[in-house]
Amino acid sequence: MGDDTDDHHRGGFPDRFARLCAAVTARLPFGLSRIVPPTLPGFAAINGFTFGVDLLILTLLHGYFRVPYPVAVGIGYAIAFALSFVLNRVLNFRSHDPVGRQSAVYVVVVAINFGILVGVSSALQSIGVQYQVARVAAGACEGLFMYCAMRWVVFRPWARHRSSGKVVT
């Protein structure tokens, strides 16, 4: 049968994404493949993409349309994080839990992260750091926080297997 039918039976793009992440993780050096979960490179790929979307929006709004920096950061951030939630839910964490609860938890996590992001990036920009560099610096800390929050809070694996009695970490 054709590739489309084969992909459909194997779960399609989410399964291919998961296999790619597992393959990347399996090739990590220095024994890291034993401790790094496949969701980490998946998160890095997805959030690297959405961070690029965020920076593009920031550059357009602040650099070209002269929208005030904190407003431009906020708009880019909101769009990128909505996209990140959807892509991580479907492709990376492959969650089938109720989206309502996850969305509510995600909004709280993002609100906490947003306060830190705007504070750090605005402080750096106000002391003369170029605005895109300030955003990248704040984004590095943001990435670590968000991965941990998404893995262990938003898409917590133990909620998915509660009925079976299995705890998955």
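Residues are numbered from 1 along each chain as its sequence is written, and side-chain values rest on heavy atoms, with hydrogens and water left out. Because the model is predicted, local features need pLDDT of at least 70 and side-chain atom pairs count only at pLDDT 80 or more, while totals for chains, interfaces and linings use all residues.

Side chains of opposite charge can pair when their charged atoms come close. With a salt bridge taken as a side-chain nitrogen of Lys or Arg within 4 Å of a carboxyl oxygen of Asp or Glu, a search of the whole structure finds 3 salt bridges. One of them joins Asp-15 and Arg-94, whose closest N and O atoms are 2.0 Å apart. Asp-15 belongs to helix α2 (residues 13-26) and Arg-94 to the loop between α4 and α5 (99-126), so this pair ties together parts that are 79 residues apart in sequence. Here helices are DSSP runs (H or I, at least four residues), numbered from the N terminus. Asp-15 is buried, with a relative accessible area of 15%, whereas Arg-94 is partly exposed at 32%. In these terms, buried means under 20% relative accessible area, exposed over 50%, and partly exposed in between (1.4 Å probe, protein chains only).

Asp-54, Arg-135 and Glu-142 are linked in a network of salt bridges. Between Asp-54 and Arg-135 the closest N and O atoms are 2.4 Å apart. Asp-54 lies in helix α3 (residues 39-64) and Arg-135 in helix α6, so their contact ties together parts that are 81 residues apart in sequence. Asp-54 is buried, with a relative accessible area of 1%, and Arg-135 is buried at 1% as well. The bridge from Glu-142 to Arg-135 has its closest N and O atoms 3.0 Å apart, and Glu-142 is also buried.

Aromatic rings form a further set of contacts. Rings of Phe, Tyr and Trp (its six-membered ring) pair if their centres lie within 6.5 Å; planes under 30 degrees apart count as stacked, over 60 as edge-to-face and the rest as tilted. By this rule there are 10 aromatic pairs. Among them is the edge-to-face pair of Tyr-69 and Tyr-131, at 6.1 Å centre to centre and with 75 degrees between the planes. Tyr-69 lies in helix α4 (residues 69-92) and Tyr-131 in helix α6 (residues 131-154), so the pair ties together parts that are 62 residues apart in sequence. Both of these tyrosines, Tyr-69 and Tyr-131, are buried.

Tyr-147 and Trp-152 have ring centres 6.3 Å apart and planes at 75 degrees, so they too form an edge-to-face pair. Tyr-147 is buried, at 6% relative accessible area, while Trp-152 is partly exposed, at 36%.

Cysteines come next. The structure holds 0 disulfides, a disulfide being a pair of cysteine sulfur atoms within 2.5 Å. Cys-21 is buried, with a relative accessible area of 5%, and Cys-148 is partly exposed at 28%.

Two loop residues complete the account. Arg-66, in the loop between α3 and α4, has a positive phi near 55 degrees although it is not glycine, and it is exposed at 63% relative accessibility. Arg-94, the salt-bridge partner of Asp-15, likewise has a positive phi, of about 45 degrees, without being a glycine.
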